[in-house]
Amino acid sequence: PAVLGMLPAVSTCNGSSSNCSRSQLLLPSFSTASAVRVLLTLAMAGIASSLNVCVLLGALRARRSHIRTLLVNLCGADLLVTALVMPMDACWNYTVQWAAGAAACRLLMFLKLFAMYSCALVTLVISLDRYCAVVRPLSIGLAARRNRAMLAAAWMSSGALAAPQ
């Protein structure tokens, strides 16, 4: 019987009937737990995407400031995660196997890693901006240029770190 989404073990023989043994190889299958995981992932992706779009639209309507630039970039990075990573994981759980080939696998893994790195690195840029605001409060005039440079470095670093895929 299938246990925890696994197919039962298969019998193997090495040529003679006296040497047949039962293998402990369990193959993955789509189970009820997998279906629940897929539905929860898609529901969370939908909720997170809609909330990120609301925040992004609000940020785009706000007056221009260096904080707005940081917030727009963070929303963009979060939307990449909710639009790429979460649906990709749901599809992987649904199909249980990969049938699209090696090139598509590499491309999707690059996009997945790019989205995850960009989210983390943009959060780092926001932390560094807040650090500079506390340590050097009178250098607010340099914040916009400094943040643009750090954001460019964060996005390029995300691509470079994801590129080995």
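This is a predicted model: local features need pLDDT of at least 70, side-chain atom pairs count only at pLDDT 80 or more; totals for chains, interfaces and linings use all residues.
The protein has four helices and two strands, and their order along the sequence is β-β-α-α-α-α. Of its 165 residues, 28% are buried. Counting contacts between residues at least 6 apart in sequence, 64% link residues at least 24 apart.

- Helix α1 covers residues 32-61, which is 30 residues. From first to last C-alpha it reaches 44 Å, close to the 44 Å expected at 1.5 Å a residue.
- The buried residues of α1 are Ser34, Val38, Thr41, Ala45, Ser49, Asn52, Leu56 and Ala59.
- An α-helix has 3.6 residues a turn, so residues three or four places apart point the same way.
- The buried residues of α1 pack against α2.
- The axes of α1 and α2 are 9 Å apart, and the two helices pack at an angle of about 165 degrees. An angle over 145 degrees counts as roughly antiparallel, so α1 is roughly antiparallel to α2.
- α1 and α2 cross in a left-handed sense.
- The contact of α1 with α2 comprises 18 nonpolar, six polar and three charged residues.

**Helix α2 against α3**

- The axes of α2 and helix α3 (residues 102-135) come within 9 Å and cross at roughly 155 degrees. α2 and α3 are therefore roughly antiparallel to each other.
- The crossing of α2 past α3 is left-handed.
- In the contact of α2 with α3 there are 18 nonpolar, four polar and five charged residues.

**Helix α2 against α4**

- Helix α2 spans residues 66-95 and helix α4 spans residues 143-162. Their axes come within 9 Å and cross at roughly 15 degrees. An angle under 35 degrees counts as roughly parallel, so α2 is roughly parallel to α4.
- α2 and α4 also cross in a left-handed sense.
- On the α2 side, the residues in contact are His66, Thr69, Leu70, Asn73, Gly76, Ala77 and Leu80. On the α4 side, they are Ala143, Ala144, Asn147, Leu151 and Trp155.
- By class, the contact of α2 with α4 holds seven nonpolar and five polar residues, and no charged ones.

**Helix α3 and its buried residues**

- The 34 residues of α3 should span 50 Å at 1.5 Å a residue. The end C-alpha atoms of α3 are 48 Å apart, which agrees with that expectation.
- Buried in α3 are Lys112, Phe114, Ala115, Ser118, Cys119, Leu121, Val122, Val125, Asp129 and Cys132. The list includes Lys112 and Asp129, and lysine and aspartate count as charged.
- The cover over the buried residues of α3 includes α2 and α4.

**Individual residues**

- Serine 118 lies in helix α3. Its relative accessible area is 0%, and buried means under 20%, so serine 118 is buried.
- Apart from neighbours within four places in sequence, serine 118 is in contact with Ala77, Leu80, Trp155 and Ser158. Ala77 and Leu80 of α2, and Trp155 of α4, also take part in the contact between those two helices.
- Threonine 123 is also placed in helix α3. With a relative accessible area of 37%, threonine 123 is partly exposed.
- The C-alpha atom of threonine 123 is separated by 8.8 Å from that of leucine 70, although the two residues are 53 residues apart along the chain. Leucine 70 is in α2, where it is one of the residues that meet α4.
- Glycine 141 is in the loop between α3 and α4. The relative accessibility of glycine 141 is 67%; exposed means over 50%, so glycine 141 counts as exposed.

Note on methods:
Residues are numbered from 1 along each chain as its sequence is written. Side-chain values use heavy atoms; hydrogens and water are left out. Axes are lines fitted to C-alpha atoms, for helices over the stretch in contact, and angles run from 0 to 180 degrees between N-to-C directions. Angles under 35 degrees count as roughly parallel, over 145 as roughly antiparallel, 65 to 115 as roughly perpendicular and the rest as oblique. A crossing is left-handed if the near helix is turned anticlockwise from the far one by less than a right angle, and right-handed if clockwise. Contact means heavy atoms within 4.5 Å. The expected span of a helix is 1.5 Å times one less than its number of residues. Buried means under 20% relative accessible area, exposed over 50%, partly exposed in between (1.4 Å probe, protein chains only).
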